[in-house]
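Here's a quick look at one strand and its neighbours, plus what a cavity search turns up.

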Amino acid sequence: MLIEKENRVFYARPAYADFPRSEYAQRLEKVRKFMQEDRIDLLVLWDEHNIRYFGGFNSQHWGAKSIQPAVLVLPLEHDPIIIVPEFFRGMTEATSYIQDIRGQERCHHIASLRGLPREVAGVIADIGYGEKRIGLEDGGVAGMYIPRPPSDIDLFRSELPKATFVAAADIIWQCRMIKSPLELEALKTACALTAEAFSEFVEKFELGMSEREAGVLLYTAIVKRGLTMGGMYFVGDPSRYYMIDSHPSFDGVPMSRGNHLVVECGGSYKGYHGSVGRCLEIGPISDEKWELIEAVEYGQDAALTALRDGVKAQDVIEAVGEALAEKGFRPTGFVGHSIGLTSHEPPDLTESQTMLIQKGMVLAIEVWIYELAGFTRGGRIDAGPCDERKNLGQFGMEEVVVITDAGYEMLPTFPREIRTIPRG
């Protein structure tokens, strides 16, 4: 059973919303335009990022499997409705401008959890949309999906037998990919604070630290700046160079002079992700590593130079490929991705991407070279799959930019010129 209340109970207005009411009104206007074009009468959203984007609702319970923190119903010609556990009513009023809040009773009970799709369908039918075209979080752009068991979505569909269900992920991404001025401010803040935290890590790093100790140093520097910690990739020991996308959670892994540290880290501000991606040498840089560093930076510059409104991802890939070939290396076929409420969003800049880069997109541009035996992509042109060259590691960097009329604007970042630790 869903509890309806005529007025707000705890907050007359959302005192802790990420953005002002006008921002969400513009988002709603934008998505309704796309809905009209695609003949979609109603969106039903289960994903936390879509709900935060369109409704403002924010919760720390999305990782819990015993409840559904929220469902957002966005009709074309009816006020939005948000369905939450009743004990989240205060949180909803504090963060969202949506007036129609429906509270689910006994939300931790299995029967309530699994019966929620039936209740959502009932709300849709009650407002007159039970026989309309209903858009779901599914589509061809990136991997958006409904974070519910398939049987729950089957139940939801069966409760609305006269409705037509259509994929709507593409129009959701059309809204989310192009960032508003307020989103850009949040992203700039996240990048600035992440870069500041990374600078603190570099200044305080000491020889003799383990990977875990160094990782805690960086994690602490990010969190104490008020950012919500995002993902962290942190590898600094040769025995772990093959562990791509690994967190510094291993005891006894030394950070020794001569090692090569690879870090991608970021914190989020108002849900929007900042990022720093860097490789640092622990101690002096050898000539063979300088060759790799210079190639990466040359390729990164080529990618940035190619960026502009209306260019294809393939054009950026081609520019990077030509630059790396000049230095004797092959590209990976991937040079970046969009960033926003999640750390990876479409478009991915890959060889197969046909989407145009557009003004207002925020992109993480990254070029990588792998000087590792067995890696056949992004290494030396003359290397084979079992190349026995010295395993020097993974070399790359990441910069976050916003596409503008003039090409791009770099968001706050860590100085490229600092390539070694410890400092001093």
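What follows covers strand pairing, then the cavities.

This is a predicted model, where local features need pLDDT of at least 70, side-chain atom pairs count only at pLDDT 80 or more, and totals for chains, interfaces and linings use all residues. Residues are numbered from 1 along each chain as its sequence is written, and side-chain values use heavy atoms, with hydrogens and water left out.

Strands (E, at least two residues) and helices (H or I, at least four) are DSSP runs numbered from the N terminus. Strand 9 (residues 260-269) has 9 of its 10 residues buried, so the rest of the structure largely encloses it; buried means under 20% relative accessible area with a 1.4 Å probe, protein chains only. Its pairings (at least two DSSP bridges between two strands) look like this:

| Partner of strand 9 | Sense | Bridges |
|---|---|---|
| Strand 8 (residues 228-235) | antiparallel | 6 |
| Strand 11 | antiparallel | 6 |
| Strand 10 (residues 272-273) | antiparallel | 2 |

Methionine 232 sits opposite cysteine 265, and leucine 261 has leucine 280 of strand 11 as its bridge partner. Strands 9 and 10 make a hairpin with 2 residues between them, and lysine 270 in the turn has a positive phi of about 55°.

On to the cavities: sets of points on a 1 Å grid over the protein atoms alone where a 1.4 Å probe fits but cannot get out, with lining residues having an atom within 4 Å of a point. There are 2 of 30 Å³ or more. The largest cavity is about 160 Å³, volume being the space filled by probe spheres set on the points, which are joined across faces, edges and corners. Its lining has 16 residues, with Cys279, Ile293, Glu297, Gly396 and Met397 nearest the centre. Strand 11 (276-282), helix 9 (287-306) and strand 15 (393-404) each supply at least two residues of that lining.

Technical notes: On a 1 Å grid over the protein atoms alone, a cavity is a set of points where a 1.4 Å probe fits but cannot get out, and a pocket is an open set with protein on both sides within 12 Å along at least five of seven lines; lining residues have an atom within 4 Å of a point. Buried means under 20% relative accessible area, exposed over 50%, partly exposed in between (1.4 Å probe, protein chains only).
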